[in-house]
Amino acid sequence: MILLVFTAGIAKAQFTKAELQVSGLTCALCAKAAQKSLEKLPFISDIKPDLLHNLYVITFKSGTPVNFDQISKKIQDAGFFVNSLKATFNFDNVRVADNHFSYSGDSYQVMNGTGKPLNGPVVVTIVDKGFAPRSVSKKYLGQVAVSPPPGSGRLYHVAI
């Protein structure tokens, strides 16, 4: 008897990639130093720099939780600043309630949520201080009451 087993790949909710814009880079050596710092993070699979725009396109390892605070810390430790961070999150099999969703112990509050269902890959911009220009953080964080995280993890504020 031959038994054939077919498994359907269930898409897991996770961040798949990000565009990280860094300020303070003045030369190719600076950009390389920031890139080397980021490459030490265990959840980063690949980094492609765009030196013309001070941008890094980061691919995350599948199944490995992403920590955005660690990305920011690595950039700051290298002597630079995060100007913006846009990350692609796969919303398949993710419950979004009251403009909140959870990932890897952290909570994410969608600041410009319309209550519409989110499915598949969606680009979210982290609008917290240290991840976005001051004017962007002020715009989003000043518009609604900031809810405390439901769990013990960090609360990130994102715009879609």
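Visitor: What is the relative accessible area of D69?

Guide: In this model, which is predicted, D69 counts as partly exposed. That class lies between the limit for buried, under 20%, and the limit for exposed, over 50%. The value for D69 is a relative accessible area of 30%.

Visitor: Which residues are joined with R154 into one network of salt bridges?

Guide: R154 also meets the side chain of D128 in a salt bridge, at 3.6 Å from N to O. This second pair links distant parts of the chain, with R154 in the loop between α3 and β8 and D128 in the loop between β7 (121-126) and α3, 26 residues apart. Salt bridges that share partners therefore join R154 into one network with D69 and D128.

Visitor: Is D128 buried or exposed?

Guide: Leaving aside neighbours within four places in sequence, D128 is in contact with S137, L141, R154, L155, Y156 and H157. Its relative accessible area is 5%. Because the limit for this class is under 20%, D128 counts as buried.

Visitor: How many residues apart are D77 and K73?

Guide: The side chains of D77 and K73 meet in a salt bridge, with an N to O distance of 3.0 Å, and the whole structure contains four salt bridges. D77 is exposed, with a relative accessible area of 55%. Both D77 and K73 lie in helix α2, where about one turn of the helix separates them, and the spacing is four residues.

Visitor: Which strand do nine bridges join to β4?

Guide: Strand β4 (residues 81-90) has seven of its ten residues buried, so it is largely enclosed by the rest of the structure. Five bridges join β4 to β7, and these two strands run antiparallel; within this pairing, A87 has V124 as its bridge partner. In the pairing formed by nine bridges, which is antiparallel as well, K86 of β4 stands opposite E19. The strand joined to β4 by nine bridges is β1 (residues 14-23).

Visitor: How many residues are in the largest nonpolar core?

Guide: In soluble globular proteins, nonpolar side chains tend to be buried together. Here F15, L20, L38, Y56, F60, F68 and L85 touch the most other members of the largest nonpolar core. Beyond four places in sequence, the contacts of Y56 include L20, V22, L25, L38 and I47. The number of residues in the largest nonpolar core is 38.

Visitor: What is the relative accessible area of Q35?

Guide: Q35 has its place in helix α1 (residues 28-39). Not counting residues up to four places away in sequence, Q35 touches I47, P49 and Y56. Q35 is buried, and its relative accessible area is 8%.

Definitions and conventions: Residues are numbered from 1 along each chain as its sequence is written. This is a predicted model: local features need pLDDT of at least 70, side-chain atom pairs count only at pLDDT 80 or more; totals for chains, interfaces and linings use all residues. Side-chain values use heavy atoms; hydrogens and water are left out. A nonpolar core is a set of buried Ala, Val, Leu, Ile, Met, Phe, Trp, Tyr and Cys residues joined through side-chain atoms within 4.5 Å. Buried means under 20% relative accessible area, exposed over 50%, partly exposed in between (1.4 Å probe, protein chains only). Contact means heavy atoms within 4.5 Å. Two strands pair if DSSP finds at least two bridges between them.
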